[in-house]
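Q: I have a structure open and would like to learn how to read its features. Could we start with a residue and work up to the interfaces?

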Protein chains: 2
Amino acid sequence: MRIVLIGFGNLGRALVQVFAEKAEILREHEGFAPKIIAAVDDSGAAVEARGLDMKTLVNLAKRREKIEKYPGAKAGRSALEVIESVDADLVVELTPTNIKTGEPGLSHIRKAMEAGRHVVTSNKGPLVVAFKELDSLARKKGVEFRYSASVGGAIPVISLARRLMSSNEILEIRGILNGTTNYILTRMEEENVPLEMVVREAQELGIAEKDPSLDIDGIDTAAKLLILHNAVLGGDLKLSDVEITGIRKVTPEAIRLAKEAGYALKLVGVARRGELEVSPKLVPLGHPLSVGGTLNAITFKLDLAREISIAGFGAGPMETVSSILADILEIHRSLG
Amino acid sequence: MRIVLIGFGNLGRALVQVFAEKAEILREHEGFAPKIIAAVDDSGAAVEARGLDMKTLVNLAKRREKIEKYPGAKAGRSALEVIESVDADLVVELTPTNIKTGEPGLSHIRKAMEAGRHVVTSNKGPLVVAFKELDSLARKKGVEFRYSASVGGAIPVISLARRLMSSNEILEIRGILNGTTNYILTRMEEENVPLEMVVREAQELGIAEKDPSLDIDGIDTAAKLLILHNAVLGGDLKLSDVEITGIRKVTPEAIRLAKEAGYALKLVGVARRGELEVSPKLVPLGHPLSVGGTLNAITFKLDLAREISIAGFGAGPMETVSSILADILEIHRSLG
């Protein structure tokens, strides 16, 4: 499979390393031999029709170098131009997320589909801004479009939803979709300390951003809930359609009282068809959503199976790459 | 799709009802129009090449009647003879489980595969006794063989495993695979009472059998763990290869002490390649395996994604039928 890789940050680098480490097993078990024929980041583009040298790419990845350091890379070449002109089967879009504009990922994905390339992405931005448009464009152009890693990181939540909805009606989706807030709430409970203290701890551990507002104000949860809604329940809702309450007002006392009554206090997104809400909610201890630490968890309410829940790590480069790779392999198999 | 239904107990009856209730949505969304051309139970067989009348079948199901009551059913006709002689695409095997002999399901499945029919089953018996043989026979005959409902009921654990193992190495599988013991342990904790009292309660509620030993001695968990091992990790282990300790010796005090230390005491099956164990274990509260009530849960330990867990109801006719139907639809799509 001839692949163009757009984005060479944590995820792009981890993907290259996994391709190299698992080369033999992927070839033997799946008959899958990826060839990265172009890699692009904001420093430039490396293009080689016979495939870039994996050892060189892996070394760049390990040293956290930019693509301009690949021998023969061109500094001025843009991702859009490479996507259009290089003859690839698949474009893997892993640039940074912007949930307001969707860019630059949105333009990359549009261009890839227009050029008849399959697309795998982990980028929430384009999906938040234009899921319906991209989904329709993929169908029109007859290309595969997979985005498992955009919601729940390592958790194959979209693929699980597809299996469940073949035999069940999905009545509701509930999710803990942000590991940072789940870590914060878990630590507040364990240590009985206020939010600000735990946020500082999380920042020191690299779990929370310098500006933690996207997480603790519930925006990141809302973005993922929106993607789940539009992709699984169907529709074309926008981020502004989500009713959002974050966790800034949650106190250690509230968490303690909840626990005494047999509940955990969690930031939960709830989606029903046409209806989206993110807010702190009580989850019964012993319920599959009552997971701690940085875990994410999603519960589907169903007409036959009643409830199916899935949990795992929603972030981390290797965790996320496991979903990206599974998507790539599904496309590989669908091409037969 | 031309279907032969073997077994008309809780599951067979629920499947017939779901086929009828979802007929329109299955036709529209999946292009799936099931025709039950034969239904067999221990009372006899009803066969009709153009398809049995669904209204009549649904009425039999609702009244919990046997197949002999279907107009024109033949009392003497055996399942084996019907499987061989009736020209079907798919045999759905839903007879009662016998984990020692695998019969009568084992002979039914062998006969179906020999005759070139695809097979869907929820029956643990044949899988415990002869997974490897049946898996090989299906490949040799070029037929599909699906058995999602045999482990975890409504939980699509096998299908999840297949997705995860495409990009991950599965290092270990841990599972709470028996809802009855999980209910018993949960109630012992809630009420601080000994096992025998809770077993009696569970029997009155229909959650535990009159002879609860298959559940509380860990045999049922071991059977499911064995199927997961052979189907997912690969191999040909037998029930006698599982080291089994049940929950008879678990006291309310042990459960209370565990809880005080932040753990739940659960009956857990652990599978590594070639190594199977069932025993009471401590699970940290807040871990996805620490689910309560009659829930089942399974955790996969993985090289990239670290841990993915799935939870849901492991029993109940409608819950289990949701897995059986999803398997049937996967075969329908694969025939494309």
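Q: Is Asn123(B) buried or exposed?

A: A word on the model to begin with: it is predicted, so local features need pLDDT of at least 70 and side-chain atom pairs count only at pLDDT 80 or more, while totals for chains, interfaces and linings use all residues. Residues are numbered from 1 along each chain as its sequence is written, chains are lettered from A in the order in which they are written, and side-chain values use heavy atoms, with hydrogens and water left out. Now to your residue. Buried means under 20% relative accessible area, exposed means over 50%, and partly exposed lies in between (1.4 Å probe, protein chains only). Asn123(B) has a relative accessible area of 0%, so Asn123(B) is buried.

Q: Where does Asn123(B) lie, and which residues does Asn123(B) touch?

A: Helices (H or I, at least four residues) and strands (E, at least two) are DSSP runs numbered from the N terminus. Asn123(B) is in the loop that links strand S5 (118–121) to helix H6 (124–141) of chain B. Touching, or contact, means heavy atoms within 4.5 Å. Leaving aside residues up to four places away in sequence, Asn123(B) touches Glu93(B), Thr95(B), Pro96(B), Thr97(B), Gly105(B) and Ser150(B).

Q: With which side chain does the side chain of Asn123(B) make a polar contact?

A: A polar contact is a pair of N or O atoms within 3.5 Å; within protein, one must be able to donate a hydrogen and the other to accept it, and residues adjacent in sequence count only if both atoms are side-chain atoms. Here the partner is the side chain of Glu93(B), at 3.1 Å. The side chain of Asn123(B) also reaches the backbone nitrogen of Gly125(B) at 3.1 Å.

Q: Moving to chain A, into which domains is chain A divided?

A: Domain bounds come from an automatic or database domain assignment. For chain A this gives domain 1 (2–153 + 317–334) and domain 2 (157–313). Their centres, taken over C-alpha atoms, are 28 Å apart.

Q: How many residues of domain 1 of chain A are in contact with domain 2 of chain A, and what area do the two bury?

A: Buried area is the accessible area (1.4 Å probe) that two parts lose on being put together, summed over both. In chain A, 15 residues of domain 1 meet 21 residues of domain 2. Between them these domains bury about 1400 Å², with 71% of it on carbon and sulfur atoms.

Q: Which residues form a salt bridge there?

A: The rule asks for a side-chain nitrogen of Lys or Arg within 4 Å of a carboxyl oxygen of Asp or Glu. Between domain 1 and domain 2 of chain A it finds one salt bridge. Asp220(A) pairs with Lys124(A), their closest N and O atoms being 3.4 Å apart. On the side of domain 1 of chain A that touches domain 2, H6(A) gives the most, with six residues.

Q: What do chain A and chain B bury between them?

A: Chain A and chain B bury about 3200 Å², 57% of it on carbon and sulfur atoms. Arg163(A), Ser166(A) and Leu304(A) supply 22% of the area that chain A buries against chain B, more than any other three residues. Each chain brings 43 residues to the contact.

Q: How many salt bridges are there between chain A and chain B?

A: The count is eight. In one of the salt bridges, Asp303(B) joins Lys22(A), with the closest N and O atoms 2.7 Å apart.
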